[in-house]
Amino acid sequence: MLFGIVGLGLIGGSLARSIKFHSHHTVLGCDIDETALLQARAFGAVDGELTDDHLGQCDAVLIALYPQAAVDWALAHGKAFKPGALVIDCCGVKRYVCDRLFPAFRDAAFTFMGGHPMAGRERSGFSFSQDDLFENASMILCPLPGTPVEEIRRAKEIFLSIGFGRVRFTTPQEHDEMIAFTSQLAHVVSGAYVKTPLANKHRGFSAGSFKDMTRVARLNENMWTELFLENDDLLLNQVEGLIDRLTEYRDALRDRDGERLRVLLREGREMKEALEE
């Protein structure tokens, strides 16, 4: 197969490296940052540059850009995709992308799906890409309603073959609801937590808990601002829900209500244990 990868940052670069590590497929890549392309070629992650001339030859095109840029690029190049090709974006929100691309590509000769590789790091750029970033990770796919089952099966087989542990099919709405909780809320909490005045005195007093809570505060604020605002309604629900739950702990502490505090802590422990079963 010939893969085209648009954007060679952390996700696009890791996808390229995963494809080359797990298969003998040919990979072409492009990025607005020439250094990223040079690095990708030096690492053997891509076999050459993806140009408009090559796009019509690609069997699969993975678009690893910020959501607005991904939509703009896909719309600008829609007429150039190979008939029968699989075109998948890799953005962290799906309603924003799919609401714009599903109508545009409903009757296209290629197959478009929304996608989200469920793995990442707190640093960005090709320099931090990995061959094994997606080992045992989930690939979430949002097919356009009415997509032929054989195309859905083909997409699943492709991602399993390049190292993903599972492929989950869902709707853009369900994806964004879950990501607001499992990913975006965690980044909000981490960013708020690390701004505590005592944080700059943590050395010698901190261990795993501090490290776990602050890890994802090291983020790309440009990308995450866009992701948050494109999912603001669902993320706001999660933030407000967390504030309500934190208020219960605050009130128990303020009132020195040991029994209520004990109940809250037990509920949290039992929920975590249930999730691990």
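This dialogue explains how to read several features of the predicted model shown above.

Reader: How many helices and strands does the chain have?

Author: This is a predicted model, and its chain has 11 helices and 8 strands. The C-alpha atoms fill a box of roughly 70 × 40 × 35 Å, taken along the principal axes.

Reader: What percentage of the residues count as buried, and what percentage of the contacts join residues at least 24 apart?

Author: Of the 277 residues, 42% count as buried. Among contacts between residues at least 6 apart in sequence, 73% join residues at least 24 apart.

Reader: Which residues have the most contacts inside the largest nonpolar core?

Author: The largest nonpolar core has 32 residues, and those with the most contacts inside it are Ile 5, Leu 62, Ile 88, Leu 141, Phe 159 and Phe 164. Two or more residues are given to this core by each of β1 (2-6), α1 (10-22), α2 (34-43), β4 (60-63), β5 (86-89), β7 (138-143) and α6 (149-161). The largest share, 4 residues, comes from α1. A second, separate core has 30 residues, including Leu 55, Val 61, Ala 74 and Leu 101.

Reader: Which residues is Leu 62 in contact with, leaving aside its neighbours within four places in sequence?

Author: With those neighbours set aside, Leu 62 is in contact with Phe 3, Gly 4, Ile 5, Val 6, Leu 15, Ile 19, Ile 88, Cys 90 and Phe 159.

Reader: Which residues make the contact of α5 and α7?

Author: Arg 95, Cys 98 and Phe 102 of α5 meet Pro 172, Gln 173 and Asp 176 of α7. By class, this contact of α5 with α7 has 3 nonpolar, 1 polar and 2 charged residues.

Reader: Which residues of helix α5 are buried, and what do they pack against?

Author: In helix α5 (residues 95-105), the buried residues are Arg 95, Tyr 96, Val 97, Cys 98, Leu 101, Phe 102 and Phe 105. The buried residues of α5 pack against α4 (67-77), β5, β6 (111-118), β7, α7 (172-194) and α10 (232-254).

Reader: At what angle do α7 and α10 cross?

Author: The axes of α7 and α10 cross at roughly 50 degrees and come within 8 Å. That angle makes α7 oblique to α10. The crossing of α7 and α10 is right-handed. On the α7 side, the residues in contact are Gln 173, Asp 176, Glu 177, Ala 180, Phe 181, Gln 184, Leu 185, Val 188 and Val 189. They meet Leu 234, Leu 235, Gln 238, Val 239 and Leu 242 in α10. By class, the contact of α7 with α10 has 9 nonpolar, 3 polar and 2 charged residues.

Reader: Is Thr 214 buried or exposed?

Author: Thr 214, in helix α8 (residues 208-214), has a relative accessible area of 14% and is therefore buried, since buried means under 20%. Not counting residues up to four places away in sequence, Thr 214 touches Ser 190, Tyr 193 and Val 194.

Reader: Why does Gly 258 count as partly exposed?

Author: Gly 258 counts as partly exposed because its relative accessibility is 38%, which falls between the cut-offs for buried and exposed, 20% and 50%. Gly 258 is in helix α11 (residues 258-276). Gly 258 and Leu 235 are 23 residues apart in sequence and 32 Å apart in space, C-alpha to C-alpha.

Conventions. Residues are numbered from 1 along each chain as its sequence is written. This is a predicted model: local features need pLDDT of at least 70, side-chain atom pairs count only at pLDDT 80 or more; totals for chains, interfaces and linings use all residues. Side-chain values use heavy atoms; hydrogens and water are left out. A nonpolar core is a set of buried Ala, Val, Leu, Ile, Met, Phe, Trp, Tyr and Cys residues joined through side-chain atoms within 4.5 Å. Buried means under 20% relative accessible area, exposed over 50%, partly exposed in between (1.4 Å probe, protein chains only). Contact means heavy atoms within 4.5 Å. Axes are lines fitted to C-alpha atoms, for helices over the stretch in contact, and angles run from 0 to 180 degrees between N-to-C directions. Angles under 35 degrees count as roughly parallel, over 145 as roughly antiparallel, 65 to 115 as roughly perpendicular and the rest as oblique. A crossing is left-handed if the near helix is turned anticlockwise from the far one by less than a right angle, and right-handed if clockwise. Ala, Val, Leu, Ile, Met, Phe, Trp, Tyr, Cys and Pro count as nonpolar, Asp, Glu, Lys and Arg as charged, and the others, Gly among them, as polar.
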